[in-house]
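Have the model open in your viewer, with selection and labels ready. The tour goes stop by stop: what to select, then what is there.

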Amino acid sequence: MRRLVTDTAIIAERNLIRLPRKPELLIAFTVQPIMFVLLFRFVFGGAINTGGTAYVDYLIPGIIVQNIAFGGFVTAIGLNEDVHKGLIDRFRSLPMARPAVLAGRTVADIVTNFLSACVLVITGVIIGFAFNAPVLHIVGGFALLLLIGYAFSWVFALVGLVATTPESANSIGFLAIFPLTFISSAFVPPATMPPVLRAFADVNPFTIFVDAMRALWIGTPPRGYVWGAVVWALVILAVFAPLAVARYRSAAGAG
Amino acid sequence: MSPPAEREAAIVVRGVTKSFGDVRALGGVDLDVPRGTVLGLLGPNGAGKTTLVRILTTLLTPDAGTATVVGYDVVGDAAALRHRIGLAGQYAAVDENLTGLENLTMVGRLYGAPRAAAKRRGAELLERFDLTDAGGRVTSTYSGGMRRRLDLAAALVAKPTVVFLDEPTTGLDPRSRLALWETIEALVSEGTTVLLTTQYLDEADRLADSITVIDHGQVIASGTSDELKDRVGGERVEVVLEDPGDAERAAAALGQMAAEAPSAADGVVSAPVRTRRGVIAEAVGLLSAEGIGMDDINLRRPTLDDVFLSLTGHAAEEPTETEEEEPR
């Protein structure tokens with residue numbers, strides 16, 4: 001167990017010291033989500049009726065959940081590169097804790113996820129987003145956000161190990177998760193959708209995540225969403241972390 | 001996990017098989033490598049060399065058969081074995097976004113060394129591999145040869161008893177290759193056991209104490225370089241003809257003195273002989289008597305190329321640029 005913690009820390013450190021050396025990654029974390037916020041707020045926002053809530057207040061918790069779910073992309077692409085460049089072979093030949101390569105990656109994602117969440121919140125505040133909740137709830141919102149992001153990092157870890165190229169890792173993640181985030185309450189109220197989509201949106205974990213964030217940050221009625229969101233995140237983690245570690249152990253991918 | 005006996009062989013492989021789907025990568029391989037020696041595993045692309053190295057370094061489990069490295073079973077004692085081996089792969093497995101020193105320090109710490117000790121060891125290895133000046137630079141700026149040296153250094157971080165080098169010089173320019181050979185020779189002189197895979201015959205010839213030739217997942221020959229060459233039939237007289245059209249007549253003439261039927265190709269006739277003594281004079285005599293003109297004549301030992309050709313029926317291919325060894 002001590003090995004697991006030390007080795008995870010070593011790998012996390014490795015993934016973090018390279019960040020400032022790859023500025024294009026930092027840009028992907030920050031510029032792209034800002035662009036999306038501005039697009040939705042100013043291009044689509046005027047046409048979307050969110051009842052008593054200002055659209056910017058409705059949008060920020062939604063878009064921040066979408067963004068955090070994709071934070072694990074760095075893990076998918078990075079792991080895939082490690083597989084193809086033989087680094088995974090080297091790690092697997094070392095007497096290190098088996099899950100550490102993946103755990104180190106996903107832990108490093110928490111840091112980058114936190115940074116990008118802060119950038120989004122600041123952008124939101126600049127264009128008019130206002131928290132309407134006690135400080136404890138706001139902090140709790142950040143914690144929930146990071147938990148959701150961490151769970152999805154493991155989904156992407158598996159994608160990174162299974163995919164044959166970084167490009168396919170990219171498109172697998174995109175095709176699987178992007179529609180899920182849109183058919184939810186993230187950008188528009190599901191009540192405006194056709195019945196089939198609406199039924200799907202209502203049970204979509206993204207709806208639960210987003211509504212939990214709204215409950216914590218803008219004080220919309222909680223209705224148990226927060227615990228529902230925690231449970232969903234833990235379930236995703238409990239399913240995908242063992243799958244990814246098993247994949248890593250057996251032999252790192254094709255190619 | 002009892003400590004292995006000191007005098008034991010470093011690597012013992014018995015009947016190891018491995019298939020990937022329908023592709024049989026290894027079909028029952030046996031291998032013995034005594035401690036402190038270099039075994040050259042020689043074979044063309046797809047022969048199963050990398051698969052065997054991956055099994056011996058605990059990256060793959062064999063379908064059948066057993067393999068032990070310094071007494072540790074590669075499956076049952078994998079965790080303990082990993083402390084004692086170093087692997088330098090076909091791809092230079094270094095993190096491109098870290099500096100040379102950061103790479104080595106990371107590997108040292110993953111072997112369990114404290115940070116300061118890992119850093120010291122890293123600096124020591126950089127010095128030894130002539131990378132001290134580049135040690136603070138991100139490795140994406142390194143040349144191919146520098147990356148290979150760093151990769152090899154990473155394999156040596158924990159002072160392993162056995163080092164596996166999977167095609168260590170594939171893709172390197174001749175000068176970097178020579179430098180890497182010298183490094184490997186220095187390593188061996190310190191008593192490290194090395195298993196080296198290569199498709200370069202000259203590399204095996206120069207570095208290996210004994211050579212195992214594998215093709216299609218089977219061991220087809222093993223022995224020292226000299227033993228393998230003797231198998232192909234020792235020495236031969238080679239004559240370069242003035243007129244390639246004389247090849248058939250020349251072969252017939254030399255047939256009177258040859259141990260086996262001479263062969264002819266591209267205006268060169270090659271005749272295996274039993275002894276060195278007087279054979280050149282005899283050959284010149286026989287050919288002159290037939291009025292056949294010669295540009296050159298010499299006596300030569302077979303190369304590993306000849307060995308390979310006679311064992312496998314095909315030449316050892318030149319490595320292609322895009323290495324796709326076998327299913328991984």
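## First stop: a helix in chain A

Select helix 11 of chain A and colour its buried residues: Tyr225(A), Val226(A), Ala229(A), Trp232(A), Ala233(A), Phe240(A), Ala241(A), Ala244(A), Val245(A) and Tyr248(A). Keep in mind that this is a predicted model. Helix 11 of chain A covers residues 225-250, 26 residues in total. From first C-alpha to last, helix 11 of chain A reaches 38 Å, close to the 38 Å expected at 1.5 Å a residue.

Look along the helix axis. An α-helix has 3.6 residues a turn, so residues three or four places apart point the same way.

What do the buried residues of helix 11 of chain A pack against? Show helix 6 (100-126), helix 7 (135-162) and helix 10 (205-218) of chain A; those are the partners.

## Where chain A meets chain B

Now show both chains. The contact takes 20 residues from chain A and 25 residues from chain B. On the chain A side, select helix 1 (2-17) and helix 5 (87-93): these are the elements of chain A that give two or more residues. Helix 5 of chain A gives the largest share of that side, five residues. Colour the chain A side by residue type. You will find eight nonpolar, three polar and nine charged residues.

## Chain B, whole view

Chain B holds eleven helices and 14 strands. Along its principal axes, the C-alpha trace of chain B spans about 80 × 45 × 40 Å. Of the 328 residues in chain B, 45% are buried. Among contacts in chain B with a separation of 6 or more, 68% join residues 24 or more positions apart.

Colour chain B by domain. The assignment gives domain 1 (11-229) and domain 2 (235-300). Their C-alpha centres lie 43 Å apart.

## The six-stranded sheet

Which strands form the open sheet with mixed pairing in chain B? There are six, in the order 6-7-8-3-9-10. Find the edges: strand 6 (85-88) and strand 10 (218-223) of chain B each pair on one side only. Turn the view across the sheet. The twist averages 15° from one strand to the next.

Select strand 7 of chain B, residues 162-166. Show the side chains. In a regular strand the side chains alternate between the two faces of the sheet. Here Val162(B), Phe164(B) and Asp166(B) point one way, while Val163(B) and Leu165(B) point the other way.

- Strand 6 of chain B pairs with strand 7 of chain B in the parallel sense, over four bridges. Then label Gly86(B) with its bridge partner Val163(B).
- Strand 8 (residues 193-198) of chain B pairs with strand 7 of chain B in the parallel sense, over five bridges. Val163(B) stands opposite Val194(B) in strand 8 of chain B.

## The four-stranded sheet

Move to the open sheet of chain B with the order 12-13-11-14. The pairing of these four strands is antiparallel. Strand 12 (263-265) and strand 14 (294-300) of chain B are the edges, each pairing on one side only. Neighbouring strands are turned by 15° against each other on average, direction ignored.

Select strand 11 (residues 236-241) of chain B. Six bridges join strand 11 to strand 14 of chain B.

Two helices come next.

- Helix 9 (residues 247-254) of chain B lies across strand 11, strand 12 and strand 13 (268-272), at about 15° to strand 13.
- Helix 10 (residues 279-289) of chain B lies across strand 11 and strand 14, at about 150° to strand 14.

## Last stop: Ala271(B)

Centre on Ala271(B), in strand 13 of chain B. Why does Ala271(B) count as buried? Because 26 other C-beta atoms lie within 10 Å, and the cut-off for buried is 20 or more. Show what Ala271(B) touches beyond four places in sequence: Arg236(B), Val237(B), Leu254(B), Ala258(B) and Pro262(B). Finally, draw a distance from Ala271(B) to Leu131(B). The two are 140 residues apart in sequence and 49 Å apart in space, C-alpha to C-alpha.

Definitions and conventions
Residues numbered from 1 in each chain as written. Chains lettered and ligands numbered in written order. Predicted model: local features only at pLDDT ≥ 70, side-chain atom pairs only at ≥ 80, totals over all residues. Pairing = 2+ DSSP bridges. Axes fitted to C-alpha atoms, helices over the stretch in contact; angles between N-to-C directions. Buried ≥ 20, exposed ≤ 12 C-beta atoms within 10 Å, placed from the backbone. Contact = placed C-beta atoms within 7 Å. Domains from an automatic or database assignment. Expected span 1.5 Å × (residues − 1). Nonpolar A, V, L, I, M, F, W, Y, C, P; charged D, E, K, R; others polar.
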